[in-house]
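Let's take a walk through this structure together. Keep the picture open beside the text and look up each spot as we get to it.

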Amino acid sequence: MRKALYIAAVTVAVAPALLAGQSWRTVTMSHQIEDNSEIRVFVEYGAGHLKIGAADGGVLYRMNLRYDEDIFEPVSDFSGDRLHLGVESIGRGFNIGRNKQSGELDLEFARGIPMDMDLEFGAVRADIDFGGLALTDLDLSTGASQSTIDISEPNSVGMSTARFEIGAAEFEARHLGNLNAERIEVDAGVGQVTLWLNGRWQRDASVSIDMGLGALELRVPEGLGFRLRKEGFLVSLDSEGLVKRGDWYYSLDYEDADRKVTVDLDAAFGSVKVVWVR
Amino acid sequence: MFKFLLRSSLTALGLALLAATSTLEAQLRDVVSKEVAVGRSEAALRLEFSDDGALEIAFEDGLVVIDGDVVGMFEPGDQLEAAWRSLLGQAVSLDDGELAIMLSDWSVPAGLANDLADLAREVDRALEDALSSFEITVSSNSSRAPVTVAGDPGSLLSLFLNATGELGLLGEALAGLRGEFAIHVDEDVVVPAGSTVDGTLVVIQGDARIEGEVDGDVIVVDGTLELLEGSRVRGEVRLADARLVRNLGTVEDGLVDLLEEERVNESEIRSKIREEVQAELRAQLRREIRDMTRLEFSDADNGFSLMAPFRSVFRGVGELVKNLISILVLGLLGAGAVAFAGTKVDTIADTARRSPGRSAMVGMAGTLLLIPVWLLGAVALTVSVIGIPVALVWLPLFPLAACAAGVMGYVVVARNTGEWLADSEYPWTGWIRKSNPIYTIFGGLFGLMLAFMAANVLSITPFLGFLTGLLAFAGSVVTFFAIQIGFGAVLLTRAGRRNEWASTYDPDAAWERAMDVDVEVDVDETADKVDEDSDDA
């Protein structure tokens with residue numbers, strides 16, 4: 001992370017040369033931890049490359065943003081327990097033909113401060129790592145995006161429900177067990193969704209997946225009690241390593257597993273594949 | 001909390017004034033929030049401190065702005081701007097203490113021209129003043145109170161005294177005092193009869209009751225003062241946001257109410273506001289009276305006037321004239337259509353007469369689809385790029401064409417109505433000559449708008465409002481269906497170019513219409529009879 005910051009520093013220093021003839025603006029914001037108990041975080045980002053991770057030191061949040069100031073304006077509002085970050089379109093200029101993908105938003109949040117996280121982004125390439133954050137609630141909504149979510153470290157506080165609303169996207173979530181969520185809801189429109197059910201499950205959980213059209217790959221660690229129920233019109237299921245009893249497909253060691261995860265799948269068209277991982 | 005802080009601060013101040021031991025230590029303020037914004041024409045730094053203070057320095061469009069004030073100018077790309085951007089480049093990766101140290105250590109770059117050097121010094125001073133803080137620790141035998149003040153140490157006390165309204169007032173109350181003090185904060189003080197207080201007595205947020213003597217001044221802040229009979233103050237009495245509830249004693253140097261001037265000013269402001277409000281109310285009243293008078297003479301709907309009994313007559317006649325003008329305009333349009341496109345008008349009229357239900361359905365469907373078709377057409381033409389010039393014509397002409405079709409349809413239905421009226425034996429329809437389409441169009445227009453005109457006439461008379469409304473409603477229904485049937489007939493016949501929905505040629509009917517006789521002729525029977533006659537012969 002230090003390295004990234006130094007790179008940002010150099011970028012800022014040489015910005016006049018780099019920005020000649022462009023409308024790019026770079027904004028770096030940070031806020032120190034004060035007497036914060038729990039904060040509600042709302043991040044909105046329309047287009048570009050989004051990175052989210054955990055911050056080191058006594059920083060509550062740090063935001064490095066590069067954006068086209070003819071189209072967007074940064075949002076940074078921290079009042080009470082609400083933190084609103086991101087960019088908003090200002091409706092100035094003619095957007096067609098602009099290279100929106102060049103914008104970047106790099107966010108870091110404090111470890112250990114309980115956060116109710118609400119993320120909304122559109123045509124975004126997102127690399128998000130919630131590892132180390134203390135999430136009390138998670139709502140993630142994407143448009144046409146390519147998103148990789150990782151929870152590389154267990155969430156120190158539990159949450160009742162984590163919600164992922166995915167539009168037309170390539171979406172991959174890793175270490176979902178580390179979310180420490182009682183229930184995970186995935187609502188996907190069209191696209192390729194890969195869910196890794198690895199990580200440290202601290203309790204039994206249920207995963208609800210509602211898919212329109214696309215391919216779903218469930219990567220299940222061996223030893224996890226796993227069962228799946230599928231409802232859908234034209235959905236193929238590759239159920240290798242599962243045993244069907246009634247409406248449910250069970251993993252072979254379901255009854256003996258320490259932690260059990262129930263997946264309830266409702267899909268219209270597409271394919272579902274269960275892959276066992278070590 | 002505030003009370004506690006105030007008490008602590010005031011105690012510290014009081015003790016400081018009493019020349020208690022104190023230490024002064026410089027340190028850096030805590031930066032809680034940092035914002036660095038760098039763009040093509042802007043390089044800005046915004047800091048927020050833990051004590052709610054803030055600093056904003058921006059190099060923007062050739063101007064150097066500190067906390068909203070323009071302090072100088074620079075040339076984009078000059079040495080100063082380069083140095084500032086370099087500083088911000090380092091600031092990006094630092095927070096809080098490291099950031100404060102780095103910023104406060106910044107110094108004027110060497111080799112700057114005079115003007116730029118002065119500007120750089122201004123920026124440097126702003127950074128140092130904002131980032132520095134000073135802590136005074138005031139100690140006495142009984143208490144120890146730390147007070148932290150940000151900014152220049154030279155103005156430390158004045159900053160402290162003016163930090164809030166209360167403290168500013170206290171500073172004013174304590175100004176110029178010398179000698180011994182006895183300060184009481186947040187407690188009541190009684191000077192018993194027969195006792196003497198040496199020096200000045202200061203009571204803050206408390207009540208003072210003087211029965212004995214004070215060998216100095218008495219200062220009361222945010223409290224009350226009672227001077228009982230036989231009491232004596234050898235100096236001055238100062239009241240700061242305090243009240244003198246009883247004055248039976250002796251005050252040798254007089255009494256000063258520090259808020260008296262403020263109260264006088266407040267009273268003056270209040271009376272000024274009162275006068276302004278009264279003046280505004282008077283002006284508003286005058287305006288309302290003038291407006292009411294004007295309305296009265298301008299024959300407004302409300303209120304009584306000499307013209308009131310004739311209002312309904314004028315209104316009714318006016319509406320009637322409007323309808324007659326409408327008939328005239330539509331009739332002329334119809335006459336023009338007959339003159340220039342008589343065949344097409346015939347086709348449309350025939351379709352409307354022969355297939356009124358179908359025409360009405362098509363008309364209503366067409367009406368509903370008008371706006372979607374218009375919008376979709378515009379979008380399709382625009383998206384196709386090639387069709388953009390056509391879209392420019394489409395946008396204004398499509399609504400015009402739709403209106404023209406509606407008017408044409410209505411006129412054609414009026415013509416049919418006129419023909420029907422000519423065949424009828426209703427009174428006042430004898431003037432309609434069926435053979436002349438101009439007559440039939442005007443006659444039909446009168447027929448279609450009869451309900452409206454009857455409503456206009458009835459509106460002149462009192463007590464018939466319901467009937468007037470009913471007739472207006474009937475007229476609206478007739479007009480609606482006439483337009484729908486006519487519009488549908490225009491659509492069905494493609495503006496009179498297709499006659500597949502019109503009647504096929506019926507020679508009997510044509511003969512009947514031509515002879516205007518009510519005789520049924522059986523052609524076969526007639527032919528047989530002719531044959532029999534010829535055989536007989």
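## Chain B at a glance

Take the contacts in chain B between residues at least 6 apart in sequence: 47% of them join residues at least 24 apart. Keep in mind that you're looking at a predicted model.

Chain B is built with 15 helices and 21 strands. It has 537 residues, and 27% of them count as buried.

## A helix with a kink

Now find helix H8 of chain B, which covers residues 311-354.

Where is the kink in H8(B) centred? Look at Ala341(B): the kink there is about 115°.

Next up is strand E15 of chain B, residues 218-221. Val218(B) and Val220(B) point one way from this strand, while Ile219(B) and Val221(B) point the other way. Are these four buried or exposed? All of them are buried.

E15(B) has strand partners too. Strand E12 of chain B (residues 200-204) runs parallel to E15(B), and four bridges join the two. Strand E18 of chain B (residues 237-240) also pairs with E15(B) in the parallel sense, again over four bridges.

In soluble globular proteins, nonpolar side chains tend to be buried together. Here, the largest nonpolar core has 102 residues, and the members that touch the most others are Tyr61(A) and Leu88(B). Which strand gives the most to this core? That's strand E2 of chain A (residues 39-55), with eight residues.

There's also a second, separate core of 33 residues. Among its members are Leu330(B), Ala352(B), Val411(B) and Ala482(B).

## One leucine in chain A

Finally, hop over to Leu237(A), which sits in strand E13 (residues 225-238) of chain A. Leu237(A) has 18 C-beta neighbours inside 10 Å, so it counts as partly exposed; a buried residue would need 20 or more.

What does Leu237(A) touch, leaving out residues up to four places away in sequence? Its contacts are Lys230(A) and Val272(A). Then there's Val274(A), which is 37 residues from Leu237(A) in sequence but 7.9 Å from it in space, C-alpha to C-alpha.

Technical notes. Residues are numbered from 1 along each chain as its sequence is written. Chains are lettered from A and ligands numbered from 1 in the order in which they are written. This is a predicted model: local features need pLDDT of at least 70, side-chain atom pairs count only at pLDDT 80 or more; totals for chains, interfaces and linings use all residues. A residue is buried if 20 or more other C-beta atoms lie within 10 Å of its own, exposed if 12 or fewer, and partly exposed in between; C-beta atoms are placed from the backbone. Two residues are in contact if their C-beta atoms, placed from the backbone, lie within 7 Å. The expected span of a helix is 1.5 Å times one less than its number of residues. The bend at a residue is the angle between axes fitted to the seven residues ending there and the seven starting there. A nonpolar core is a set of buried Ala, Val, Leu, Ile, Met, Phe, Trp, Tyr and Cys residues joined through C-beta atoms within 7 Å. Two strands pair if DSSP finds at least two bridges between them.
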